[in-house]
Amino acid sequence: MKIPFSWLKTYVPLTATPAQIADDLVRLGHEVEAVELPRAAVKGVRVGLITSKVPHPDADKLSLLKVEIGEAEALDIVCGASNMGEGDKVPVATIGTSLPGGLVIKKGKIRGEVSCGMCCSEVELGLADESAGLLILPADAPVGAEVGEYLALEEAVFDLSITPNRGDCMNARGIARDLAADAGLPFTDVTPAAVAIDAAVATPSVTVTAAQDCPVYMARAINGISLADSPEWMQAALIMAGMRPVNGVVDVLNYVMLTMGQPMHAFDADKLSGDIAIRAAASGEAFAALDGRELKLHAGDLVVCDDTSVIALAGIMGSEPSGVSDVTTNIVLESAFFRPARVSETRRTYAMVSEASMRFERGVDPLMVATAMGQATAMIIDLFGGSAGEIAVCGDATAINADRTVLCSLSRLESRLGVEIPQATDEVLARMGFTLSRQGDALEVTVPSFRHDVSIPEDLSEEYARVIGFDAIPTLLPPLATTAPAKTDRSIHDAVAGGFLQVVTYAFISAEEQRLFVADDGLDIALANPISDAMSVMRRSVWPGLLNTAKRNLNRQQPGVALAEQGRTYVRSDRGHDEENVLAWLMTGEVESDQWYGHARAADFFDLKGAVDGWLALRGLSGRFIADDSILGLQAGQSAKIMVGRVEAGRIGRVDADLADQFDIDAPVFVAEINLDLLPTGKQAKFVPLAEFPGVERDLVFLFDRGAASDAILNAIRSAGGKLLTEARIFDLYDGKGVPEGKVSLGIRFTLQDGKRTLTQADSDAASSAIIAAMDKRFGAALR
């Protein structure tokens, strides 16, 4: 769960630094996975005004820009984007800037032209996973201003791993309450604005027949809204919190959930039929989920329904037919308390995880059900207009978790903790919502409604430990001298297992070879007493050494070579020099020789891309290959940067033909490199038993725009295909007779499989329909 620092500050006046807050959170029992610094990550990126744009004389896809950033002279920048023009304002990363992906901006030459910076897209600023070009800033953006400050990027974002028992902290309000109590700072709780009630708006009719699983349910109608996108500040806040903006109403409800902790749902009122009922599902009852899945429910599943169908799987997900869309004008808001065990059981049954289910499973604050309803109503009306009716209320929220008292002895708690519990700690717990009374050794504690996890003395000892500090709890076992086993680096071993020959080349190369793949930025490390001119500088790229090795092998009648080397590269820095651990590949010549069953085949870009993909997969990682024609020494149109997560971890492409000719290699040469120091930790492989039931394979053929990216297409298919989708690939490409100009025909083959049952025609049709709809919505692709 991600919480922007600014959200916490709306509840408590924090003055500590993000690093100090992270330490406080860890001490309070909240694991901090990471502290992201979006504003600091783009320090040095300035608002620039493009005053001139002319074509690059030696590259069709590059432009030469003059960009003003408020300095004495305009910057000369070579740019590969095409969506900008004179007069546009764009983010400009100046020389020395380190971007979120790890790229350090340096002065250099691109195809012979000097470039003194880089114009940036949302991807390069770490604000999006993909973009169509540069980020065009508003016309009133002040030239020269820091982009991070102008865009009001978050000072810090805390990535937290909340323990399952702390459902009250699955939101900014709960985390802020803990911090305020610990630091003795005032806590400003949410006070939603009053909402005017329009008597003309009918109150929804609601019945609850499963009160044990749904002790509180509230519904309110809002009519006459003009649905639009949520404001930019809200969309930016949701993105920073790790959620994708959907539409105005959904964004408001997600924002309320993330800040206040109460999941909510909105139905399109015009798509509902009759009254709303919360009941147990009948066996085999159909449910069309928002994620495109068609479910057959089990008897006892808790559902929300109208007179004709199931409109929500309670606490987990709404239905597709009743969902809010761009044409929605009337809605019904739902806010409820669902029994955690019921939500957990149903979620596991259908393997259907949602942000709402994660919070309902951990337990939400019953008293926030009505508060969140009021807050969401006020925000929706303020942003999109409309009139609200009275709230239909079923159940009593105050009766849930009411009058819960824990009685114990202080000596028992102190014995358990091994330390004396000072009186001052009671004041901290009181600020956290507990009511405490000490009578000698006896302790009586009244537990707040939102802390359903505190019910026995052992729970109280944990609360005291959090306040005292786990570091202050004495250890019982003596320290043991242990030696961590040496970790084996299998990087080169796995490359060799992929069919490559390991080589080891010198770390010294000539200055001329250095310039083939690295611009002259004055950061070379020259040797004071080199062996020869061919070994005069420390290498900054492994590729020249691999090219020399390939040349030597090809000159000795080898039909093809596939080489891999793990080594270090060296660059001058303020600390003297920096070293990077790099793994590099090279392929050229034949990858398959003449056989009776087929002819020889030469290596191509996709052979090497597949080898890199397989190497990453062994580490539980996946890479995205993003076209980049600016990589020095590689051929435009066949070069890409390798993104692993948000990190630019490497490069891949075909060596420029003229450059390869300098090494007497006339066949296409393909190279790649990965900076091993930049790779994140991959996912651990998990055992998955072989499926006992057969899969279903379907083919669909679409007409796409010629510029559509295959990665984006396959990612959209995997997202739309649902949990049953096990594989998706492009098996055919055709652009000949019958295909319109500017279009290309792609054949998509996907496989569906369920480890627990045999799939039906309905399963296959549902997945096909979802994929067809996704292709149309995302790419405007028509089914052939």
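1. Let's start with how the chain folds back on itself. Of the contacts between residues at least 6 apart in sequence, 69% join residues at least 24 apart; a contact here means heavy atoms within 4.5 Å.

2. A word on what you're looking at. This is a predicted model, in which local features need pLDDT of at least 70 and side-chain atom pairs count only at pLDDT 80 or more, while totals for chains, interfaces and linings use all residues. Residues are numbered from 1 along each chain as its sequence is written, and side-chain values use heavy atoms, with hydrogens and water left out.

3. Now the overall build. The chain has 20 helices and 38 strands, where helices (H or I, at least four residues) and strands (E, at least two) are DSSP runs numbered from the N terminus. The C-alpha trace spans about 85 × 70 × 60 Å along its principal axes. For 784 residues, a compact globule would have a radius of gyration near 28 Å, and the chain's 31 Å agrees with that. That radius is taken over C-alpha atoms, and the globule rule is 2.2 Å times the number of residues to the power 0.38.

4. Buried residues account for 47% of the 784; buried means under 20% relative accessible area, exposed over 50%, and partly exposed in between, using a 1.4 Å probe and protein chains only.

5. The aromatic rings deserve a look: the structure holds 11 aromatic pairs. One of them, Tyr11 with Phe187, is stacked, at 6.0 Å centre to centre and 15° between the planes. Tyr11 sits in the loop between helix 1 (5–9) and helix 2 (18–27), and Phe187 in the loop between helix 5 (172–183) and strand 11 (206–208), so the pair ties together parts 176 residues apart in sequence. Tyr11 is buried at 8% relative accessibility, whereas Phe187 is partly exposed at 27%. For the terms, rings of Phe, Tyr and Trp (its six-membered ring) pair if their centres lie within 6.5 Å; planes under 30 degrees apart are stacked, over 60 edge-to-face, and the rest tilted.

6. Then there's Phe517 with Trp543: the ring centres are 5.2 Å apart and the planes at 80°, so this pair is edge-to-face. Phe517 belongs to helix 15 (residues 511–517) and Trp543 to helix 16 (residues 543–554), 26 residues apart. Phe517 is buried at 3% relative accessibility, and Trp543 is buried at 0%. Elsewhere, ring pairs link Trp7, Trp233 and Tyr255 into a cluster.

7. What does Thr751 touch? Leaving out residues up to four places away in sequence, Thr751 touches Val696, Glu697, Leu724, Leu725, Thr726 and Glu727. Thr751 is in strand 37 (residues 743–752) and is buried, with a relative accessible area of 14%.

8. Gln212, in the loop between strand 11 and strand 12 (216–223), is exposed at 68% relative accessibility. Gly576, in strand 29 (residues 576–592), is partly exposed at 37%; Gly576 and Ile525 are 51 residues apart in sequence and 9.5 Å apart in space, C-alpha to C-alpha.
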